Amino acid sequence: MLPLNIGLFRPSRYTPSMHDFRYAGNQLFCEGVSVAALAGKFGTPLFVYSQRTLEQHFQSLDRALAPLDHRICFAMKANSNLSVLRTLANLGSAFDVVSVGELQRVIAAGGDPSGCVFAGVAKTEAEIEFALRQNVYSFNAESEPELQRINKIAARLRKIAPVSVRVNPNVSAHTHAKITTGTYENKFGVAFEQIKGLYARAARLKNLRLRGLQMHIGSQITEIGPFRQAVEKILPLFRDLARAYALEFLSIGGGIGVVYRPALASGGQAWWKTAAAKKILTPQKYADALLPLLQPLGLKILIEPGRFICGNAGILVTRVEYLKRTGKKNFVIVDAAMNDLIRPAFYDAYHEIIPLNRKNGATLKTDIVGGICESGDFFAKDRVLPRVAGGDYLALLSAGAYSFAMASNYNTRPLAAEVLVHGKNAALVRQRQPLVETWAGEKIAPWLKR
Ligand code: LLP
(Lines give C-alpha, C1' and ligand atoms only; values in the text may rest on other atoms or scores of the structure.)
Protein backbone atom coordinates (compact mmCIF):
# COMPACT_ATOMS: atom_id res chain seq x y z
CA MET A 1 0.00 0.00 0.00
CA LEU A 2 1.25 3.50 -0.79
CA PRO A 3 2.23 5.63 2.18
CA LEU A 4 -0.19 8.34 1.16
CA ASN A 5 -0.14 11.95 2.13
CA ILE A 6 2.88 11.72 4.31
CA GLY A 7 4.73 14.97 3.89
CA LEU A 8 1.99 16.59 1.88
CA PHE A 9 0.98 18.98 4.63
CA ARG A 10 2.11 22.53 3.95
CA PRO A 11 0.98 25.00 6.59
CA SER A 12 1.05 27.86 4.08
CA ARG A 13 -1.44 26.00 1.95
CA TYR A 14 -3.49 24.79 4.82
CA THR A 15 -7.21 25.16 4.31
CA PRO A 16 -9.92 23.81 6.51
CA SER A 17 -11.19 21.76 3.58
CA MET A 18 -8.04 19.72 3.49
CA HIS A 19 -8.25 16.19 4.74
CA ASP A 20 -6.68 12.80 4.35
CA PHE A 21 -9.22 11.05 2.14
CA ARG A 22 -7.79 10.76 -1.36
CA TYR A 23 -7.78 8.51 -4.36
CA ALA A 24 -4.67 6.49 -5.03
CA GLY A 25 -5.21 5.18 -8.51
CA ASN A 26 -8.93 4.62 -8.43
CA GLN A 27 -9.22 3.51 -4.82
CA LEU A 28 -10.22 5.84 -2.02
CA PHE A 29 -7.75 5.87 0.84
CA CYS A 30 -7.94 7.28 4.32
CA GLU A 31 -4.32 8.21 5.07
CA GLY A 32 -2.50 4.97 4.19
CA VAL A 33 -5.46 2.61 4.40
CA SER A 34 -7.82 1.49 1.63
CA VAL A 35 -11.35 2.42 2.64
CA ALA A 36 -12.78 -0.52 0.66
CA ALA A 37 -10.61 -2.86 2.73
CA LEU A 38 -12.11 -1.33 5.89
CA ALA A 39 -15.64 -1.73 4.53
CA GLY A 40 -14.87 -5.37 3.70
CA LYS A 41 -13.48 -6.03 7.15
CA PHE A 42 -15.89 -4.11 9.36
CA GLY A 43 -19.03 -3.98 7.22
CA THR A 44 -21.23 -0.98 6.47
CA PRO A 45 -22.58 1.53 7.39
CA LEU A 46 -19.16 2.49 8.68
CA PHE A 47 -17.71 5.78 9.89
CA VAL A 48 -14.00 6.21 9.13
CA TYR A 49 -12.00 8.96 10.82
CA SER A 50 -8.54 10.26 9.95
CA GLN A 51 -6.45 10.98 13.03
CA ARG A 52 -4.05 13.12 11.01
CA THR A 53 -6.87 15.34 9.77
CA LEU A 54 -8.14 15.81 13.32
CA GLU A 55 -4.66 16.70 14.49
CA GLN A 56 -3.98 19.11 11.66
CA HIS A 57 -7.17 21.07 12.18
CA PHE A 58 -6.58 21.27 15.91
CA GLN A 59 -2.97 22.31 15.47
CA SER A 60 -3.70 24.90 12.80
CA LEU A 61 -6.13 26.62 15.11
CA ASP A 62 -3.80 26.28 18.05
CA ARG A 63 -0.97 27.83 16.04
CA ALA A 64 -3.09 30.69 14.75
CA LEU A 65 -4.14 31.56 18.30
CA ALA A 66 -0.64 31.15 19.74
CA PRO A 67 -0.13 34.88 20.37
CA LEU A 68 -3.02 34.70 22.84
CA ASP A 69 -3.18 33.00 26.20
CA HIS A 70 -5.82 30.61 24.86
CA ARG A 71 -7.51 27.30 25.50
CA ILE A 72 -9.27 25.20 22.88
CA CYS A 73 -12.28 23.44 24.38
CA PHE A 74 -13.36 20.94 21.72
CA ALA A 75 -17.18 21.00 21.51
CA MET A 76 -17.51 17.25 21.87
CA LYS A 77 -21.18 17.25 20.92
CA ALA A 78 -19.82 17.20 17.37
CA ASN A 79 -18.03 13.88 17.84
CA SER A 80 -17.65 12.22 21.20
CA ASN A 81 -15.97 8.95 20.25
CA LEU A 82 -13.43 8.14 22.96
CA SER A 83 -10.58 7.79 20.47
CA VAL A 84 -11.37 11.16 18.93
CA LEU A 85 -11.38 12.71 22.41
CA ARG A 86 -8.12 10.97 23.31
CA THR A 87 -6.48 12.20 20.08
CA LEU A 88 -7.39 15.77 20.96
CA ALA A 89 -6.61 15.44 24.67
CA ASN A 90 -3.13 14.26 23.66
CA LEU A 91 -2.69 17.56 21.81
CA GLY A 92 -3.70 19.52 24.89
CA SER A 93 -7.36 20.07 24.07
CA ALA A 94 -9.86 20.76 26.78
CA PHE A 95 -13.57 20.11 26.23
CA ASP A 96 -16.86 21.93 26.05
CA VAL A 97 -19.42 19.55 27.56
CA VAL A 98 -23.18 19.87 27.66
CA SER A 99 -24.24 16.95 29.83
CA VAL A 100 -23.02 14.76 32.61
CA GLY A 101 -22.71 12.05 29.98
CA GLU A 102 -20.22 14.11 28.01
CA LEU A 103 -18.25 14.87 31.16
CA GLN A 104 -18.13 11.15 31.97
CA ARG A 105 -16.87 10.54 28.44
CA VAL A 106 -14.05 13.03 28.93
CA ILE A 107 -13.02 11.10 32.01
CA ALA A 108 -13.37 7.76 30.20
CA ALA A 109 -11.17 9.10 27.39
CA GLY A 110 -8.47 10.18 29.84
CA GLY A 111 -9.22 13.90 29.45
CA ASP A 112 -9.00 16.35 32.32
CA PRO A 113 -12.40 17.42 33.68
CA SER A 114 -10.82 20.40 35.40
CA GLY A 115 -10.14 21.97 32.00
CA CYS A 116 -13.75 21.62 30.88
CA VAL A 117 -16.48 24.17 30.50
CA PHE A 118 -20.01 22.97 31.13
CA ALA A 119 -22.59 24.60 28.83
CA GLY A 120 -26.30 24.06 28.19
CA VAL A 121 -29.59 25.68 29.13
CA ALA A 122 -31.03 22.80 31.16
CA LYS A 123 -28.41 21.60 33.63
CA THR A 124 -30.05 19.38 36.24
CA GLU A 125 -29.15 19.33 39.94
CA ALA A 126 -27.44 15.97 39.55
CA GLU A 127 -25.38 17.27 36.64
CA ILE A 128 -24.29 20.36 38.52
CA GLU A 129 -23.32 18.32 41.55
CA PHE A 130 -21.27 15.88 39.49
CA ALA A 131 -19.53 18.68 37.59
CA LEU A 132 -18.74 20.50 40.84
CA ARG A 133 -17.22 17.36 42.31
CA GLN A 134 -15.10 17.03 39.16
CA ASN A 135 -13.92 20.64 39.57
CA VAL A 136 -14.83 21.79 36.07
CA TYR A 137 -13.10 24.98 34.98
CA SER A 138 -16.35 26.90 34.56
CA PHE A 139 -20.08 26.51 34.32
CA ASN A 140 -21.34 28.50 31.35
CA ALA A 141 -24.64 29.53 32.90
CA GLU A 142 -27.54 30.45 30.67
CA SER A 143 -30.02 32.01 33.14
CA GLU A 144 -30.43 33.54 36.60
CA PRO A 145 -32.30 30.54 38.04
CA GLU A 146 -29.42 28.36 36.92
CA LEU A 147 -26.92 30.59 38.77
CA GLN A 148 -29.07 30.34 41.90
CA ARG A 149 -29.22 26.58 41.56
CA ILE A 150 -25.44 26.28 41.10
CA ASN A 151 -24.93 28.51 44.16
CA LYS A 152 -27.25 26.40 46.29
CA ILE A 153 -25.61 23.12 45.35
CA ALA A 154 -22.13 24.58 45.81
CA ALA A 155 -23.13 25.75 49.30
CA ARG A 156 -24.37 22.27 50.18
CA LEU A 157 -21.07 20.77 48.99
CA ARG A 158 -19.10 23.56 50.70
CA LYS A 159 -17.54 24.56 47.41
CA ILE A 160 -17.10 27.72 45.40
CA ALA A 161 -18.47 27.21 41.89
CA PRO A 162 -16.64 28.93 39.03
CA VAL A 163 -19.17 30.44 36.64
CA SER A 164 -19.45 32.52 33.54
CA VAL A 165 -22.66 33.69 31.95
CA ARG A 166 -23.45 33.21 28.29
CA VAL A 167 -24.23 36.57 26.78
CA ASN A 168 -26.55 36.63 23.83
CA PRO A 169 -25.12 39.43 21.69
CA ASN A 170 -28.12 39.54 19.36
CA VAL A 171 -26.00 39.21 16.24
CA SER A 172 -27.07 37.22 13.22
CA ALA A 173 -24.67 34.47 12.22
CA HIS A 174 -25.94 34.19 8.62
CA THR A 175 -26.30 30.45 8.94
CA HIS A 176 -29.10 27.89 8.96
CA ALA A 177 -32.00 28.84 11.27
CA LYS A 178 -31.70 25.62 13.27
CA ILE A 179 -28.08 26.37 14.17
CA THR A 180 -28.31 30.13 14.77
CA THR A 181 -28.03 30.78 18.49
CA GLY A 182 -27.00 34.39 19.07
CA THR A 183 -30.20 36.33 18.42
CA TYR A 184 -33.14 37.13 20.68
CA GLU A 185 -35.23 34.60 18.75
CA ASN A 186 -33.13 31.87 20.39
CA LYS A 187 -33.39 30.24 23.81
CA PHE A 188 -29.71 30.67 24.57
CA GLY A 189 -27.87 32.87 27.00
CA VAL A 190 -28.85 36.11 28.70
CA ALA A 191 -29.74 39.23 26.72
CA PHE A 192 -26.84 41.64 26.30
CA GLU A 193 -28.70 44.43 28.10
CA GLN A 194 -29.37 42.26 31.16
CA ILE A 195 -25.85 41.04 31.75
CA LYS A 196 -24.51 43.78 34.03
CA GLY A 197 -27.46 43.59 36.39
CA LEU A 198 -27.14 39.84 36.50
CA TYR A 199 -23.42 39.93 37.33
CA ALA A 200 -24.13 42.42 40.12
CA ARG A 201 -26.70 40.06 41.64
CA ALA A 202 -24.57 36.96 41.04
CA ALA A 203 -21.61 38.62 42.80
CA ARG A 204 -23.71 38.56 45.99
CA LEU A 205 -24.19 34.79 45.81
CA LYS A 206 -21.62 33.51 48.28
CA ASN A 207 -20.76 30.20 46.67
CA LEU A 208 -20.13 31.50 43.18
CA ARG A 209 -16.91 32.80 41.74
CA LEU A 210 -17.46 34.89 38.61
CA ARG A 211 -14.69 33.61 36.42
CA GLY A 212 -15.51 34.70 32.88
CA LEU A 213 -17.97 35.63 30.19
CA GLN A 214 -19.05 33.40 27.34
CA MET A 215 -20.81 33.74 24.02
CA HIS A 216 -21.57 31.57 20.99
CA ILE A 217 -23.48 32.92 18.02
CA GLY A 218 -24.09 29.83 15.93
CA SER A 219 -22.57 27.05 13.90
CA GLN A 220 -21.27 26.52 10.35
CA ILE A 221 -20.35 30.20 10.03
CA THR A 222 -18.27 30.64 6.89
CA GLU A 223 -17.47 34.36 6.97
CA ILE A 224 -15.56 36.39 9.51
CA GLY A 225 -18.09 39.23 9.71
CA PRO A 226 -20.44 37.80 12.35
CA PHE A 227 -17.55 36.75 14.62
CA ARG A 228 -15.95 40.18 14.41
CA GLN A 229 -19.25 41.94 14.95
CA ALA A 230 -20.10 39.86 18.00
CA VAL A 231 -16.66 40.25 19.59
CA GLU A 232 -16.68 43.99 18.93
CA LYS A 233 -20.09 44.26 20.48
CA ILE A 234 -19.28 42.47 23.72
CA LEU A 235 -15.75 43.83 24.29
CA PRO A 236 -16.73 46.98 26.20
CA LEU A 237 -19.10 44.93 28.33
CA PHE A 238 -16.42 42.33 28.98
CA ARG A 239 -13.84 44.98 29.91
CA ASP A 240 -16.18 46.49 32.48
CA LEU A 241 -17.10 43.12 33.94
CA ALA A 242 -13.49 41.91 33.96
CA ARG A 243 -12.46 45.00 35.92
CA ALA A 244 -15.36 44.88 38.35
CA TYR A 245 -15.20 41.17 39.12
CA ALA A 246 -11.60 40.23 38.31
CA LEU A 247 -12.69 37.90 35.53
CA GLU A 248 -10.11 35.50 34.18
CA PHE A 249 -11.41 34.55 30.73
CA LEU A 250 -13.56 35.37 27.76
CA SER A 251 -14.97 32.49 25.72
CA ILE A 252 -15.86 33.40 22.16
CA GLY A 253 -17.62 30.09 21.49
CA GLY A 254 -17.36 27.86 18.47
CA GLY A 255 -18.97 28.04 15.08
CA ILE A 256 -16.19 28.12 12.48
CA GLY A 257 -17.67 26.46 9.40
CA VAL A 258 -16.19 23.87 7.08
CA VAL A 259 -16.52 23.37 3.34
CA TYR A 260 -19.06 20.72 2.51
CA ARG A 261 -18.97 21.09 -1.25
CA PRO A 262 -16.92 19.88 -3.05
CA ALA A 263 -14.11 18.90 -0.80
CA LEU A 264 -12.56 16.13 -2.80
CA ALA A 265 -14.22 15.61 -6.15
CA SER A 266 -11.37 17.49 -7.77
CA GLY A 267 -9.49 14.19 -7.56
CA GLY A 268 -6.05 15.63 -7.23
CA GLN A 269 -6.76 19.06 -8.68
CA ALA A 270 -4.91 21.86 -6.91
CA TRP A 271 -7.75 22.64 -4.57
CA TRP A 272 -6.01 25.43 -2.78
CA LYS A 273 -5.95 27.43 -6.02
CA THR A 274 -9.69 27.34 -6.60
CA ALA A 275 -11.84 30.39 -5.99
CA ALA A 276 -13.82 28.48 -3.38
CA ALA A 277 -10.66 27.63 -1.47
CA LYS A 278 -9.62 31.27 -1.38
CA LYS A 279 -12.88 32.28 0.25
CA ILE A 280 -12.65 29.70 3.01
CA LEU A 281 -12.56 31.00 6.55
CA THR A 282 -9.19 29.76 7.74
CA PRO A 283 -7.80 29.80 11.27
CA GLN A 284 -5.38 32.45 10.09
CA LYS A 285 -8.15 34.73 8.81
CA TYR A 286 -10.06 34.12 12.02
CA ALA A 287 -7.01 34.99 14.09
CA ASP A 288 -6.05 37.99 11.94
CA ALA A 289 -9.48 39.51 12.50
CA LEU A 290 -9.88 38.69 16.18
CA LEU A 291 -6.39 38.87 17.66
CA PRO A 292 -6.14 42.67 17.43
CA LEU A 293 -9.39 42.87 19.41
CA LEU A 294 -8.58 40.18 21.96
CA GLN A 295 -4.87 40.58 22.63
CA PRO A 296 -5.14 43.95 24.40
CA LEU A 297 -7.39 42.36 27.02
CA GLY A 298 -4.41 40.43 28.38
CA LEU A 299 -6.73 37.69 29.64
CA LYS A 300 -7.36 34.06 28.76
CA ILE A 301 -9.40 33.43 25.62
CA LEU A 302 -11.41 30.23 25.28
CA ILE A 303 -12.73 28.92 22.00
CA GLU A 304 -15.15 26.02 21.54
CA PRO A 305 -14.78 24.63 18.03
CA GLY A 306 -16.51 21.37 17.18
CA ARG A 307 -17.20 21.00 13.48
CA PHE A 308 -14.04 22.79 12.38
CA ILE A 309 -11.85 20.16 14.02
CA CYS A 310 -13.69 16.97 13.13
CA GLY A 311 -16.09 17.86 10.29
CA ASN A 312 -14.05 16.71 7.37
CA ALA A 313 -11.97 14.24 9.36
CA GLY A 314 -14.67 11.61 8.89
CA ILE A 315 -16.65 9.85 6.18
CA LEU A 316 -19.63 7.53 6.21
CA VAL A 317 -19.19 4.45 4.04
CA THR A 318 -22.30 2.76 2.72
CA ARG A 319 -23.10 -0.05 0.30
CA VAL A 320 -25.49 0.23 -2.61
CA GLU A 321 -28.36 -2.20 -2.08
CA TYR A 322 -30.68 -1.48 -5.00
CA LEU A 323 -31.10 0.76 -7.98
CA LYS A 324 -34.61 1.72 -8.85
CA ARG A 325 -36.48 4.02 -11.17
CA THR A 326 -39.95 5.30 -10.38
CA GLY A 327 -42.04 7.15 -12.95
CA LYS A 328 -39.89 10.25 -12.64
CA LYS A 329 -36.65 9.62 -10.85
CA ASN A 330 -33.68 7.40 -10.31
CA PHE A 331 -32.95 6.16 -6.83
CA VAL A 332 -29.77 4.66 -5.47
CA ILE A 333 -30.82 2.90 -2.28
CA VAL A 334 -28.01 2.39 0.22
CA ASP A 335 -27.60 0.57 3.53
CA ALA A 336 -27.01 3.76 5.56
CA ALA A 337 -29.97 5.98 6.36
CA MET A 338 -31.07 9.10 8.17
CA ASN A 339 -30.63 7.32 11.49
CA ASP A 340 -26.87 7.21 10.74
CA LEU A 341 -26.58 10.72 9.28
CA ILE A 342 -29.55 13.01 9.74
CA ARG A 343 -28.01 16.26 8.46
CA PRO A 344 -29.48 16.20 4.93
CA ALA A 345 -32.94 15.37 6.28
CA PHE A 346 -32.77 17.84 9.16
CA TYR A 347 -30.89 20.81 7.74
CA ASP A 348 -31.02 20.12 4.01
CA ALA A 349 -27.28 19.75 4.42
CA TYR A 350 -25.08 18.92 1.47
CA HIS A 351 -22.60 16.05 1.75
CA GLU A 352 -20.40 15.19 -1.16
CA ILE A 353 -20.85 11.55 -2.26
CA ILE A 354 -18.16 9.63 -4.10
CA PRO A 355 -17.51 5.98 -4.97
CA LEU A 356 -14.78 4.09 -3.13
CA ASN A 357 -13.79 2.68 -6.48
CA ARG A 358 -13.60 5.43 -9.05
CA LYS A 359 -14.67 4.61 -12.58
CA ASN A 360 -14.61 6.77 -15.63
CA GLY A 361 -17.51 6.88 -18.00
CA ALA A 362 -21.23 7.21 -17.71
CA THR A 363 -22.91 9.19 -15.00
CA LEU A 364 -26.41 9.06 -13.57
CA LYS A 365 -28.58 11.79 -12.08
CA THR A 366 -30.15 10.24 -9.05
CA ASP A 367 -31.43 10.58 -5.52
CA ILE A 368 -29.38 8.70 -2.94
CA VAL A 369 -31.63 7.42 -0.21
CA GLY A 370 -31.69 5.14 2.81
CA GLY A 371 -34.14 2.45 3.73
CA ILE A 372 -36.13 4.26 6.41
CA CYS A 373 -39.85 4.57 5.90
CA GLU A 374 -39.96 8.34 5.39
CA SER A 375 -39.49 10.46 2.31
CA GLY A 376 -37.23 12.68 4.39
CA ASP A 377 -34.72 9.85 4.47
CA PHE A 378 -32.37 11.00 1.75
CA PHE A 379 -28.69 11.88 1.46
CA ALA A 380 -28.86 13.75 -1.83
CA LYS A 381 -31.37 14.72 -4.47
CA ASP A 382 -30.76 14.87 -8.21
CA ARG A 383 -27.07 14.29 -7.69
CA VAL A 384 -24.87 13.33 -10.61
CA LEU A 385 -22.95 10.19 -9.69
CA PRO A 386 -20.72 7.91 -11.69
CA ARG A 387 -22.90 4.92 -12.64
CA VAL A 388 -23.05 2.49 -9.72
CA ALA A 389 -24.31 -1.06 -9.33
CA GLY A 390 -25.65 -3.04 -6.41
CA GLY A 391 -22.79 -4.01 -4.09
CA ASP A 392 -20.70 -0.92 -4.88
CA TYR A 393 -19.56 1.25 -2.01
CA LEU A 394 -20.07 5.00 -1.66
CA ALA A 395 -18.58 7.48 0.79
CA LEU A 396 -20.43 10.47 2.20
CA LEU A 397 -17.75 13.04 2.89
CA SER A 398 -17.43 15.53 5.73
CA ALA A 399 -19.30 13.20 8.06
CA GLY A 400 -17.01 13.63 11.05
CA ALA A 401 -19.16 16.18 12.89
CA TYR A 402 -22.76 15.90 14.04
CA SER A 403 -23.10 12.64 12.15
CA PHE A 404 -22.53 9.60 14.35
CA ALA A 405 -23.14 11.96 17.28
CA MET A 406 -26.74 12.48 16.11
CA ALA A 407 -27.40 8.87 15.12
CA SER A 408 -30.41 6.99 16.48
CA ASN A 409 -31.98 3.57 16.52
CA TYR A 410 -34.97 4.65 14.44
CA ASN A 411 -36.51 1.67 12.62
CA THR A 412 -34.55 -0.52 15.06
CA ARG A 413 -31.39 -0.03 13.11
CA PRO A 414 -28.22 -0.57 15.14
CA LEU A 415 -25.70 2.25 15.50
CA ALA A 416 -22.93 2.03 12.91
CA ALA A 417 -19.36 0.98 13.61
CA GLU A 418 -16.54 3.56 13.78
CA VAL A 419 -12.91 3.15 12.73
CA LEU A 420 -9.95 5.42 13.40
CA VAL A 421 -7.09 5.46 10.90
CA HIS A 422 -3.57 6.56 11.74
CA GLY A 423 -1.06 6.21 8.91
CA LYS A 424 -1.28 2.59 7.83
CA ASN A 425 -3.08 1.50 10.98
CA ALA A 426 -6.80 1.20 11.46
CA ALA A 427 -8.63 0.34 14.67
CA LEU A 428 -12.28 -0.38 15.33
CA VAL A 429 -13.05 2.35 17.87
CA ARG A 430 -16.70 1.49 18.23
CA GLN A 431 -18.16 -1.89 17.39
CA ARG A 432 -21.37 -2.05 15.42
CA GLN A 433 -24.14 -2.07 18.01
CA PRO A 434 -25.37 -5.62 18.56
CA LEU A 435 -29.00 -5.75 17.52
CA VAL A 436 -30.27 -6.98 20.90
CA GLU A 437 -28.83 -3.86 22.50
CA THR A 438 -31.35 -1.77 20.60
CA TRP A 439 -34.04 -3.11 22.94
CA ALA A 440 -31.84 -3.63 26.00
CA GLY A 441 -33.56 -2.19 29.06
CA GLU A 442 -37.05 -2.70 27.64
CA LYS A 443 -39.49 -4.99 29.42
CA ILE A 444 -42.82 -6.61 28.72
CA ALA A 445 -45.36 -5.12 31.20
CA PRO A 446 -46.26 -7.77 33.86
CA TRP A 447 -49.90 -7.99 32.79
CA LEU A 448 -48.83 -8.85 29.26
CA LYS A 449 -46.77 -11.82 30.37
CA ARG A 450 -47.71 -15.14 28.80
N1 LLP B 1 -20.32 26.13 21.79
C2 LLP B 1 -21.65 26.08 21.97
C3 LLP B 1 -22.23 26.74 23.13
C4 LLP B 1 -22.47 25.39 21.05
O5 LLP B 1 -23.79 25.37 21.23
C6 LLP B 1 -21.88 24.75 19.94
C7 LLP B 1 -22.69 24.02 18.95
C8 LLP B 1 -20.49 24.82 19.80
C9 LLP B 1 -19.74 25.52 20.74
C10 LLP B 1 -19.78 24.16 18.66
O11 LLP B 1 -20.15 24.69 17.44
P12 LLP B 1 -19.31 24.31 16.13
O13 LLP B 1 -17.91 24.82 16.31
O14 LLP B 1 -19.33 22.84 15.98
O15 LLP B 1 -20.02 24.98 15.04
N16 LLP B 1 -26.10 19.62 14.59
C17 LLP B 1 -25.82 20.82 13.85
C18 LLP B 1 -24.90 21.75 14.60
C19 LLP B 1 -25.38 22.10 15.99
C20 LLP B 1 -24.44 22.99 16.76
C21 LLP B 1 -24.82 23.09 18.19
N22 LLP B 1 -23.96 23.89 19.02
C23 LLP B 1 -25.28 20.43 12.48
O24 LLP B 1 -25.19 19.25 12.17
O25 LLP B 1 -25.00 21.31 11.65
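Angles under 35 degrees count as roughly parallel, over 145 as roughly antiparallel, 65 to 115 as roughly perpendicular, and the rest as oblique. Keep that in mind for the helix pairs below. This is a predicted model, where local features need pLDDT of at least 70, side-chain atom pairs count only at pLDDT 80 or more, and totals for chains, interfaces and linings use all residues. Residues are numbered from 1 along each chain as its sequence is written, and side-chain values use heavy atoms, with hydrogens and water left out.

- On the domain 1 side, Ala313, Tyr350 and Tyr402 supply 25% of the area buried against domain 2, more than any other three residues.

**Helix pairs**

- Two packed helices are described by the angle between their axes and the distance between the axes.
- The axes here are lines fitted to C-alpha atoms, for helices over the stretch in contact, and angles run from 0 to 180 degrees between N-to-C directions.
- Helices (H or I, at least four residues) and strands (E, at least two) are DSSP runs, numbered from the N terminus.
- Helix H4 (residues 100–108) and helix H5 (residues 125–133) cross at roughly 25°, and their axes come within 9 Å, so H4 and H5 are roughly parallel to each other.
- Val100, Leu103, Gln104 and Ile107 of H4 make the contact with Glu127, Phe130 and Ala131 of H5.
- That H4–H5 contact has five nonpolar residues, one polar and one charged; Ala, Val, Leu, Ile, Met, Phe, Trp, Tyr, Cys and Pro count as nonpolar, Asp, Glu, Lys and Arg as charged, and the others, Gly among them, as polar.
- Helix H2 (residues 51–64) packs on helix H10 (residues 283–294) at about 25°, with the axes 9 Å apart, so this pair is roughly parallel too.
- From H2, the contact uses Ser60, Leu61 and Ala64, and from H10 it uses Pro283, Gln284, Ala287 and Leu291.
- By class, the H2–H10 contact has five nonpolar, two polar and no charged residues.
- H10 also pairs with H8: their axes come within 10 Å and cross at roughly 5°, so H8 and H10 are roughly parallel.
- Phe227, Arg228, Val231, Glu232 and Leu235 in H8 meet Tyr286, Ala289, Leu290, Leu293 and Leu294 in H10, which divide into eight nonpolar, no polar and two charged residues.

- Most residues other than glycine have a negative phi, and most peptide bonds are trans.
- Thr44 and Pro45 are joined by a cis peptide bond, with omega about -5°, and Pro45 lies in the loop between helix H1 (35–42) and strand E4 (46–50).
- Ala246 is not a glycine, yet has a positive phi of about 50°; look for Ala246 in the loop between helix H8 (225–245) and strand E12 (249–251).

Note on methods
Contact means heavy atoms within 4.5 Å. Buried area is the accessible area (1.4 Å probe) that two parts lose on being put together, summed over both.
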